[in-house]
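Subject: Structure handover

Hello,

Here is the structure I promised you. Please open it alongside this message; my notes follow below.

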Amino acid sequence: MADFGVAANKTTLSHGVKWSFGIGQMAEGIKNSSFSAFLLFYYNQVLGLPAESAGLAIAVSLIFDAVTDPMIGTISDRWRSPLGRRHPFMYASAVPLAVSLYFLFAPASFAINGGDAALFAWMLTFTVLTRGAMTLYHVPHLALGAELSEDYDERTTLVAIRQILSVSGYLIVYGLGFGVFFAPTPEFENGQLNSAAYPPFAMILALISCVTVLISGWGTRSRIPYLPKPPAEADKMRPYDILIEGIATLKNRSFRWLMVSYIIIITTFGLGVASQLYIFTFFWELARFQILTVMLMGPAGSVLGYMVSTRLFARLDKRNAMIVGGVFWMLLHALPVILFLIGIAPAKGTWAVAVMLSVIYLILGAAFAQVVVGVSTTMADIADEYELEVGRRQEGVLFAAVSFAGKCMGALGSLLAGFMLTLIAWPTGEAIKTSADIPAETILSLGIMSGPVAAMLAIPGFICLMGYKLNRAKVAEIQRQLRERTATPMPVPALTDE
């Protein structure tokens with residue numbers, strides 16, 4: 001196998017390889033859904049850590065990701081081993097991910113009883129460790145997906161399968177949470193307020209995450225001989241090469257526009273997800289199975305969106321499909337609260353309002369799926385463009401940015417949600433059991449800010465997305481030039497400090 005080239009030299013992948021690759025995304029789905037839906041709620045509403053402190057702990061961990069994501073991307077780009085560039089990191093992450101995820105939702109008694117500082121330190125420590133373990137796996141896993149195929153449409157298929165299985169992680173988290181562990185008790189009418197339910201819940205999630213990571217690595221091992229290898233000088237990596245390569249990727253115009261737009265959009269999406277358990281419990285006053293029904297509709301809609309994404313992207317091309325899906329998501333996200341404000345939403349706490357929300361969330365999930373699929377599949381195209389420009393394949397570094405942007409959903413989204421809760425003086429503590437314990441004007445402020453206001457914050461992201469110019473014809477031309485280059489090998493330029 002040549003040391004450079006657009007991707008694996010066998011573009012038709014078996015169903016087993018495709019689905020083995022995809023199942024690895026289940027772990028990322030479990031981590032993302034538990035972080036975005038439950039982490040802020042658990043530490044703030046259940047354990048009583050101030051919302052701004054809980055949001056800050058999640059956001060500060062993003063600084064760690066800003067270092068580790070490109071570091072793992074660069075190292076895996078240059079790694080040489082009998083297991084290839086990506087698989088060693090995938091295998092090494094499984095157990096640390098499971099252990100750190102469990103302890104994040106099972107804090108020691110000294111942390112719970114030691115005051116806000118101790119609880120903040122515990123939350124920050126295990127948030128960082130969980131994110132670090134996920135980075136060790138997720139960045140190489142994403143890069144592997146770009147290397148498995150050079151086909152323009154098959155790349156979209158791989159991303160769609162991966163995201164469908166990511167959604168299964170969300171279904172597991174929501175289903176086990178509200179279907180099993182958050183059952184109401186005489187003391188807790190809303191079972192999600194019961195602190196004792198979270199450690200066993202986290203244990204199951206940790207075990208599933210570990211197993212799916214290992215399955216993904218094992219199921220794709222047959223492709224290792226066909227994957228691109230790093231150039232010979234890649235073994236001699238200097239510590240500051242990580243910074244050099246990260247800066248180099250920013251020189252790519254397509255990469256800049258895509259990542260700026262995606263970070264803005266995914267952060268506002270994360271704000272909505274981080275506040276949805278507050279919304280369902282206190283604004284809409286939904287019961288346990290009503291919450292479960294609505295929360296399942298978002299992932300279910302995403303599956304539908306991923307299933308149609310290949311045809312939609314083929315018809316509209318990638319950037320346009322992302323914009324159409326994103327704008328639909330923005331409008332649908334604001335719609336429920338708007339219907340309430342104009343007086344035509346069903347009564348709170350009824351199955352009628354649960355059905356209304358379920359239908360909206362189903363379509364909303366399908367719409368946002370186009371953004372998620374679009375970012376991953378266009379990043380594979382950017383990897384081709386980048387190779388043509390500089391003579392090196394940098395999937396690890398590029399997909400480190402995708403991983404980092406995805407983490408912005410939970411981190412910056414939770415930070416904004418924490419500030420929002422602080423701004424409206426949201427009450428916490430054992431006295432808060434139902435919406436009757438919270439002032440009506442506070443609940444209304446929660447609905448407006450997490451609904452229409454959050455949706456409007458995404459508008460700059462869609463404006464930035466217009467700056468992305470790669471399309472099917474341009475990618476085909478780039479790949480043609482890369483194949484010509486491979487037929488006539490050129491020296492691969494070494495990294496410089498310039």
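A salt bridge here is a side-chain nitrogen of Lys or Arg within 4 Å of a carboxyl oxygen of Asp or Glu. By that rule the count comes to seven salt bridges. Please keep in mind that this is a predicted model.

**Salt-bridge network**

Start with four residues. Asp-77, Arg-85, Arg-86 and Glu-147 are linked in a network of salt bridges. Here are the pairs.

- Arg-85 and Asp-77 meet through their side chains, at 4.0 Å from N to O.
- Asp-77 also forms a salt bridge with Arg-86, with the closest N and O atoms 2.9 Å apart.
- Glu-147 pairs with Arg-86 as well, and there the closest N and O atoms are 2.7 Å apart.

The pair of Glu-147 and Arg-86 links distant parts of the chain, 61 residues apart. Glu-147 belongs to helix H6 (residues 116-147), while Arg-86 sits in the loop between helix H3 (51-78) and helix H4 (87-104).

Glu-147 and Arg-86 are both buried. The cut-off for buried is under 20% relative accessible area.

**Surface patches**

Next, the surface. A nonpolar patch of about 490 Å² is made by Phe-289, Trp-351, Val-355, Val-359 and Ile-363. Which helix gives the most to the nonpolar patch? Helix H13 (residues 351-390) does, with four residues. Phe-289 is placed in helix H11 (residues 288-316). Its relative accessible area is 44%, so Phe-289 is partly exposed.

There is a positive patch as well. Arg-253, Arg-256, Lys-469 and Lys-474 form it. Lys-474 is in helix H17 (residues 472-487). At 42% relative accessibility, Lys-474 counts as partly exposed.

H13 has 40 residues. From first C-alpha to last, H13 reaches 57 Å, close to the 58 Å expected at 1.5 Å a residue. How much of H13 is covered? H13 is mostly covered, with 32 of its 40 residues buried. Gly-391 follows H13 and has a positive phi, near 85°.

Helix H8 (residues 198-219) has 22 residues. At 1.5 Å a residue they should span 32 Å, and the end C-alpha atoms are 32 Å apart, so the two values agree. The buried residues of H8 include Tyr-198, Phe-201, Leu-205, Cys-210 and Val-213. Ser-209, Thr-212 and Ser-216 are also among them.

Two loop residues deserve a look.

- Asp-317 has a phi near 70°, a positive value in a residue other than glycine. Asp-317 lies in the loop between H11 and helix H12 (318-341). With a relative accessible area of 19%, Asp-317 is buried.
- Ala-425 has a phi near 55°, again positive in a residue other than glycine. Ala-425 is in the loop between helix H14 (395-423) and helix H15 (440-456). At 57% relative accessibility, Ala-425 counts as exposed.

**Two distances across the chain**

How far apart are the C-alpha atoms of Glu-187 and Lys-229? They are separated by 59 Å, and the two residues are 42 residues apart along the chain. Glu-187 lies in the loop between helix H7 (152-181) and H8. Glu-187 counts as exposed, at 57% relative accessibility.

The other pair is Ile-264 and Leu-39, 225 residues apart along the chain. Their C-alpha atoms are separated by 21 Å. Ile-264 is in helix H10 (residues 253-283). Ile-264 has a relative accessible area of 25%, so it is partly exposed.

**Where to begin**

I would open the view on Asp-77, which forms salt bridges with Arg-85 and with Arg-86. Then turn to the nonpolar patch, which includes Phe-289 and Trp-351.

Best wishes

Notes:
Residues numbered from 1 in each chain as written. Predicted model: local features only at pLDDT ≥ 70, side-chain atom pairs only at ≥ 80, totals over all residues. Heavy atoms only, no water. Patch = residues over 30% accessible without salt bridge, like charges linked within 9 Å, V, L, I, M, F, W, Y side chains within 5 Å. Areas by Shrake-Rupley, 256 points an atom, 1.4 Å probe, with all protein chains shown as cover. Lys, Arg positive; Asp, Glu negative; His and termini not counted. Charge placed at Lys NZ, Arg CZ, Asp CG, Glu CD. Buried < 20%, exposed > 50% of the residue type's maximum accessible area, 1.4 Å probe, protein only. Expected span 1.5 Å × (residues − 1).
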